[in-house]
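This report walks through selected local features of one protein chain. Please look over the sequence and the model before reading on.

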Amino acid sequence: PGYPATCTENGLTDGIKCSVCGATIKEQEVIIATGHTVVTDKAAAPTCTATGLTEGSHCSVCNEVIVAQEVIPALGHTEETVPGYPATCTENGLTVKLSWNRE
């Protein structure tokens, strides 16, 4: 009996033999491997708190990873000091506050 080709391995067609004498009526033929069907796995940019991924690829038929995605570490927060000012007799003041920004 034959078997189908895969992305990386050849297959064979069914051969036919005489059931009485065993003579080959039709030889098996090689079915050439199909090769991978490559699709791109999109990159994802990291944020302050979440990791990202580099672009990669895999085969949509057999799911074999062609180019592995790599994790990009989260960027982390950067501090920025927002200056405060004192209260007066008629106006409220503002304490120093740290805000988190990534530039």
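The sections below cover strand pairing, a turn, a surface patch, a loop and the cysteines.

## Strand pairing around β7

The model is predicted. Strand β7 spans residues 56-59, and β8 spans 65-67. β7 pairs with β5, residues 38-41, in the antiparallel sense. Four bridges hold that pairing.

## The β7-β8 turn

β7 and β8 form a hairpin, with five residues between the two strands. Asparagine 63 sits in this loop. Its phi is near 65°, a positive value in a residue other than glycine. Most residues other than glycine have a negative phi.

Is asparagine 63 buried or exposed? Asparagine 63 counts as exposed, because its relative accessibility is 54% and the cut-off for exposed is over 50%.

## A nonpolar surface patch

Val38, Ile66 and Val67 make a nonpolar surface patch of about 230 Å².

Valine 67 lies in strand β8. Its relative accessible area is 42%, so valine 67 is partly exposed.

Glycine 93 belongs to the loop between β10 (78-82) and β11 (97-101). Glycine 93 is partly exposed, because its relative accessible area is 37%.

What does glycine 93 contact, leaving aside neighbours within four places in sequence? The contacts are Tyr85, Pro86 and Ala87. Valine 38 is 55 residues from glycine 93 along the chain, and their C-alpha atoms are separated by 61 Å.

## Cysteines

How many disulfides does the structure hold? The count is zero. Cysteine 7 has its closest cysteine sulfur in cysteine 59, at 3.6 Å. That is too far for a bond, because a disulfide needs the sulfur atoms within 2.5 Å.

Cysteine 7 is buried, with a relative accessible area of 9%. Cysteine 89 counts as exposed, at 87% relative accessibility.

How values were computed: Residues are numbered from 1 along each chain as its sequence is written. This is a predicted model: local features need pLDDT of at least 70, side-chain atom pairs count only at pLDDT 80 or more; totals for chains, interfaces and linings use all residues. Side-chain values use heavy atoms; hydrogens and water are left out. Buried means under 20% relative accessible area, exposed over 50%, partly exposed in between (1.4 Å probe, protein chains only). Two strands pair if DSSP finds at least two bridges between them. Patches are made of residues with over 30% relative accessible area and no salt bridge: like charges are joined within 9 Å, nonpolar side chains (Val, Leu, Ile, Met, Phe, Trp, Tyr) within 5 Å. Accessible areas come from the Shrake-Rupley method with a 1.4 Å probe; for residues, only the protein chains shown count as cover. A salt bridge is a side-chain nitrogen of Lys or Arg within 4 Å of a carboxyl oxygen of Asp or Glu. Contact means heavy atoms within 4.5 Å.
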